[in-house]
Amino acid sequence: MAHSDRFAGLRRRQWLIAAPLGAIALSGVVMGLRSSSQRSNDGPGLGSLEPGRRIGRWQVVAVHPVRLGAVAVVLATATGQRYQVDVLARDPEGPAGVANTESLSLFVINSKVTAVDDGLRPTDEDQGLGAMALAQALSSEPAPAGLLTLQERRRQHPTGAFAVPLA
């Protein structure tokens with residue numbers, strides 16, 4: 001085999017390996033761009049809320065962008081216990097949240113949910129009061145684009161993982 005034939009065979013083998021690897025890498029880049037554009041299309045959270053803001057005896061720890069039809073807000077009680085409040089669009093037909101404004105419904109997310117809880121466990125009183133204080137702070141806030149009602153969210157995301165990190 002001549003010197004140039006040996007390298008030609010090597011280039012063909014490299015091509016047979018490189019082409020599929022390149023296609024895999026390109027599909028990964030495209031998937032990453034698609035998921036980041038989906039995240040950015042979800043839209044901003046609630047413009048008037050920022051981490052560190054005090055609302056009565058509760059503190060805003062985090063405000064997430066609209067995701068799966070809701071804005072997740074992490075609040076901390078006076079004792080430092082953190083919990084999640086999901087802000088959804090208000091549905092006049094219900095169900096009503098723990099707290100409501102003209103355009104928003106707020107739901108406290110049970111962090112200890114099990115299959116038997118199914119949202120039926122009573123809301124911790126201090127957490128419910130925090131959600132009510134948050135609703136009062138959001139009373140003039142319009143519903144951000146992409147917000148769903150609780151019923152719409154259940155239909156569109158029946159197996160959604162809605163919890164956010166509390167830390």
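Which side chain makes a polar contact with the side chain of R54? The partner is Q59, whose side chain makes a polar contact with that of R54 at 3.3 Å; a polar contact here is a pair of N or O atoms within 3.5 Å, where within protein one must be able to donate a hydrogen and the other to accept it, and where residues adjacent in sequence count only if both atoms are side-chain atoms.

This is a predicted model, in which local features need pLDDT of at least 70 and side-chain atom pairs count only at pLDDT 80 or more, while totals for chains, interfaces and linings use all residues. Residues are numbered from 1 along each chain as its sequence is written, and side-chain values use heavy atoms, with hydrogens and water left out.

**The chain as a whole**

The protein chain has three helices and six strands, and along the sequence these elements follow the pattern α-β-β-β-β-β-β-α-α. Helices (H or I, at least four residues) and strands (E, at least two) are DSSP runs, numbered from the N terminus. Of the 167 residues in the protein chain, 32% are buried, where buried means under 20% relative accessible area, exposed means over 50%, and partly exposed lies in between (1.4 Å probe, protein chains only). If one takes the contacts (heavy atoms within 4.5 Å) between residues at least 6 apart in sequence, 52% of them join residues at least 24 apart.

**The sheet**

The six strands form an open sheet with antiparallel pairing, in the order β1-β2-β3-β4-β6-β5. Because β1 (54-55) and β5 (99-100) each have a single partner strand, they stand at the edges, and one side of each is left without a neighbour in the sheet. Two strands are said to pair if DSSP finds at least two bridges between them, and strands of a sheet pair through backbone hydrogen bonds, either parallel or antiparallel.

Strand β3 (residues 71-76) pairs with strand β2 (residues 58-63) in the antiparallel sense over four bridges, and β3 also runs antiparallel to β4, to which six bridges join it. The table lists some residues that stand opposite each other in these pairings.

| Residue | Partner residue and its strand |
|---|---|
| A62 | V74 in β3 |
| L75 | Y83 in β4 |

In a regular strand the side chains alternate between the two faces of the sheet.

R54, by contrast, is partly exposed, with a relative accessible area of 48%, and its place is in strand β1. R54 and L75 are 21 residues apart in sequence and 9.5 Å apart in space, taken from C-alpha to C-alpha.

**Loops and turns**

Most residues other than glycine have a negative phi, and most peptide bonds are trans. L68, in the loop between β2 and β3, has a positive phi of about 55° although it is not a glycine, and this residue counts as partly exposed at 22% relative accessibility. β3 and β4 form a hairpin with five residues between them, and G80 in the turn has a positive phi of about 95°. In the loop between β4 (82-89) and β5 lies P95, and a cis peptide bond, with omega about 0°, joins G94 and P95.
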